[in-house]
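The exercises below ask you to read a structure step by step, and each task is followed by its worked solution.

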Amino acid sequence: MKIYKILLSVLISAIFSLEVLGCAYMSSPFDVSNDEFNFLDKRLVEGFDDESFLTISNSKHGKYWDREYKDSKELREENIDEWYNFLEQKFTKKDVEEWIYRKKNLDIGKKEAVKYMAMAKKYQKYVRSWGKKPKKAEVKKAIEILDSEYKKSNSKFIKLRYSFLILRLKHYYGFYKEVTTQTYTKDLNIKSVVSEWIDSLVAGAEKKLKNRVKASYLFAKIFQNSKTKTHIGFYDFSIKNDMEWNELMDMCQNSDEKTLMYAIRGLQGGANGIEELENIYKIDPDSKWFNVILFREIKKLQYQYFAFKNELTKFNLEYNVKYENKKLQTTLKANSLKIANLKKILEIVIKDDKKKNLFLTKLASNYLNIFQNNDTTKIQDFTSLKSNNEIEKNQIKLLLAMLDLLNLKTVDENIEIKIGDNYNSFLKNGFGSKNYLELVRGLLPKMYDKDNSAKSHLLQNNFELSLPTLKKDEYLKIKKLESKQNKNSFEKLIISKYQELGGLKKDKKLYIEGILNLKDENFKQAKELFTKIDDKKMLILQYNPFNATKSGTNRKNAKRKTNLIKFIDTFTTVKGIATKDPSAVMDNYLLANAYYNLSSFGNSPMITRFYRATSGNSYDEFDEELIQKAIKYYKNALENTKKSEFKAKITYMLAKCEYKNLIIKEKIELDYSNPDDMKEMSEFNKYVKTYGYGKYFDKIKKDYKDTKYYKEVIKECGTYNYYQKIK
Amino acid sequence: MNKMIKKALLFITVFLTILYFLPQKKEIQTNFYFWENSFKLTHFENQFLQKLKTKKLYIKFFDISYQKSLEFIPTTVNTKKNSYEIIPVIYIENQVFLKIQNLDSFISTTTKKIKQRIKNSDIKEIQFDCDWSLKTKKNYFYFLKKLKKSLKIKTSATIRLHQIKYYQKTGVPPIDFGVLMYYNMESISDYESKNSILNNQIAKKYHYNFDSYPLKLKIALPIYSQGVLFRYEEIVQIIEGIEKKELLTSNFEPLSNNRFKVLKSHYFKARYIYKDDIIRFENSDFRDLKEASENLNKLLSDVEEVIFYRVEEKFLKGIGYENLQNIVECFN
């Protein structure tokens, strides 16, 4: 049965080379492939709940693989199920699976089935994409053998499978006409997943015979009806001109088929869904495809609306598109036009009153009202939305709850209880809880005062502790909330989510409290807490925080790993000496290195922040003070050392600090992800030209040019060389 | 007699010396990219290339991309039955180097695949096309270094304009020479862009550091055209290989020299386009290409090869033999 996989892979590569790569659909900054901010329940679309096509991503690849994965999984499961029943459920499904796909020996007792499986495996090599191909005469012989077995067999189950092997060989070796005129499925007339595979072969053969319209018609039917070949049905549907489209329409036997064709066209990457919605409506107002396309269009728009309403994602979204602001503005402008056009159509549909169930249309229309109005307090009219259906009732409740949230200005205990209850209700009804909570997370934190910082911290950070920003009092408040006796439904929700995500075990709690103390330089308490930790691995440091190299980050794996307790001991010792005696060169130097390394630019920011920046140019509010301290102690060391090599080294470290200091002061967000922007380069030029950056680079050149260290700098430091070139 | 011979020899020597110091006309190779998924040249294309004395064809062998996993999408090119020297081009999406988990294993797979494709053929050079960024530079350069070592043939890579202007930051790939892609200059997705393929004004902003760029460069110039489809001023898709005359029909209303409004929804170039969509026609005409070449000639003194993107009958007919010759002459 591996042949199926091979055939599938051949088909996939063929499709990819011909279809997917044939045209490029452009992505928008709003492209999403997941289910964020979805307030529409897919159960509203009766008879079609395929996530792969109801999701929004414009990426053909993404959608293809999602669906292909689902199809291949179902194909395997269906096939195993059919064999399992054919073998009268005498074996486990796992055994059956291994017998089919992993050559496991199984004493099934049915000679016919054993023979079939041997044949399937024997002719597998005839259709694989690599290796030596058999001669045509051998293929013909194989077809004859399979045909003779087909005739000998008395089982329709086995016969159908032989017919698939025959047709597949014929398809593979170009006997397309014989594939398209096959009568096996009609003659045998049994319900089986194998019929779907045969249908795909027939449609593919029509395509090979250049009967593109007929092939597209068949592929469309496969898209609609097949459980295991949906992706092939969708992606092999290919109409190239108006004449072909008209011929396809003539081929359709009823309005169901016609609307199916419009739907496939409307689901394509570059389609104008709104126009296809109108087309479908004109043919059949009650077509299920109307709701499929409408659902998808609303999903696109709602993501964009809510992502901007939600403070958390708004930030991410703006951050992600900061280099493409124009692109973002274009998308927003396009959306407002799309909303207006879609609204016009829905108003006509509601007025016509031709659809049996107008619920989704009305719901969509209400959503469009929200998307169009920035002032959501004005939207109160939901009288047209009524239903006795539980799914639809849940949708109405979700819409109202969401509007309440959007109109919220403050939060108190009663509101919290309402939110908690709403969440539980959506959870019970099977839809909306996740995305409702996403919106809560985005809107509520800014309404909380300092007393409720525990709640805002957890909401803002997806119910986890954000270690880089966690303050000690916040952590203590979270602990308090965790142990509170009579929590309201919202508090229960927050804490249960927090605990769901792991909560904190003893060692981790001690570690976090220790780090929070380190951040405040409460070394004694920090050490006490760390000493109580059983899992000492937690305390190991990857880099030596007292080390300095020519690289900006000072990251060089320490030969002998140190740990947090040793760090505290050394740090307190050198700090004690350096603060009292500026002439203690080595202590001042080591302390300066430690401060630099504790900053985001150094090798150990995780000592006080639990994390290490991935790029040497990310920084936060603690860094300025740390860099200032590093400069102070480097200067002490520089003034007091007499060794010129050491002076050169310290001067170089001061140059690093000077650079980082300017980055912080000018609030420059450096990003390497966009080479075209080249922000850093232009900023660096600006530092040099406007702020006179380079004091220490000049000094090292002027005062220490004869040192070995300086010569190494010339060889290794790109920034230094660039500076010398542009200054 | 002896004197006569001496005189003759002296004359020949002087003549040859003068000839030697006279400015020589360089022989600049005119070659092409071939970018389709299966390789075949039409009779016209072959004749056109022969007239231009084209020696090399740069042909795409693989697309390497990373969607949910690594994907090698091969083209079908027979390297043996060709009258041109074939230079395989491997296109690699930048994000491959961003997402790849095991770089060494990727390098070994790629090497194997390339070796398999060029086995028993006379391939002397291989080209890599990747718009690397600062985040991928390290991986990409490592990849190039390793591939060069294991393939034991000349390697080249495409270089974008910004990678020359900012080469100290973007780095110089470890290859034998670069091919400067002198196209794709404006943002294709920006509705306001005039012509994303070639804009000499924009190009000038990048005319820096050519004097100090350490790699020897060949030049790649565009002779293709395309339509960029917009809906609500938002880019929807690119329609490749479109010709302007195809837009001069009753289905379109010209809005400007290169913008056309779709008057009714219909199938066009095998896709369905909708009423009120806008198509921006983009190409690189002779005047622009000539200007580009003249500008480049001032920046680069020793161009030995110009590669046109890409060989396709309609593009060759569009630019014409004389014009192509004229463009290449600019580098002499």
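**Exercise 1.** Determine which residue of strand 15 of chain B is the bridge partner of B:F260, and then describe the surroundings of strand 15 of chain B.

Solution. In strand 15 of chain B, B:F260 has B:I279 as its bridge partner, where strands are DSSP runs of E with at least two residues and helices are runs of H or I with at least four residues, both numbered from the N terminus. This is a predicted model, in which local features need pLDDT of at least 70 and side-chain atom pairs count only at pLDDT 80 or more, while totals for chains, interfaces and linings use all residues. Residues are numbered from 1 along each chain as its sequence is written, chains are lettered from A and ligands numbered from 1 in the order in which they are written, and side-chain values use heavy atoms, with hydrogens and water left out.

The next step is the pairing itself, for which DSSP must find at least two bridges between two strands. Strand 12 (residues 259–262) of chain B pairs with strand 15 of chain B in the antiparallel sense over 3 bridges. Strand 9 (residues 226–231) of chain B also pairs with strand 15 in the antiparallel sense, over 5 bridges, and there B:F230 has B:I278 as its bridge partner.

The last step is burial, where buried means under 20% relative accessible area, exposed over 50% and partly exposed in between (1.4 Å probe, protein chains only). Because 5 of the 5 residues of strand 15 (residues 278–282) of chain B are buried, the strand is largely enclosed by the rest of the structure. B:I278, B:R280 and B:E282 point one way from the strand, B:I279 and B:F281 point the other way, and all are buried.

**Exercise 2.** Which residues have the most contacts inside the largest nonpolar core?

Solution. A nonpolar core is a set of buried Ala, Val, Leu, Ile, Met, Phe, Trp, Tyr and Cys residues joined through side-chain atoms within 4.5 Å. The largest such core has 103 residues, and those with the most contacts inside it are A:M261, A:F306, A:Y367, A:L444 and A:L465. Helix 16 (residues 288–309) of chain A supplies the largest share of this core, 12 residues. A second, separate core of 87 residues includes B:L49, B:Y66, B:I126 and B:Y309.

To look at one residue, take contact to mean heavy atoms within 4.5 Å. Not counting residues up to four places away in sequence, the residues that A:M261 touches include A:Y217, A:F237, A:W245 and A:M249.
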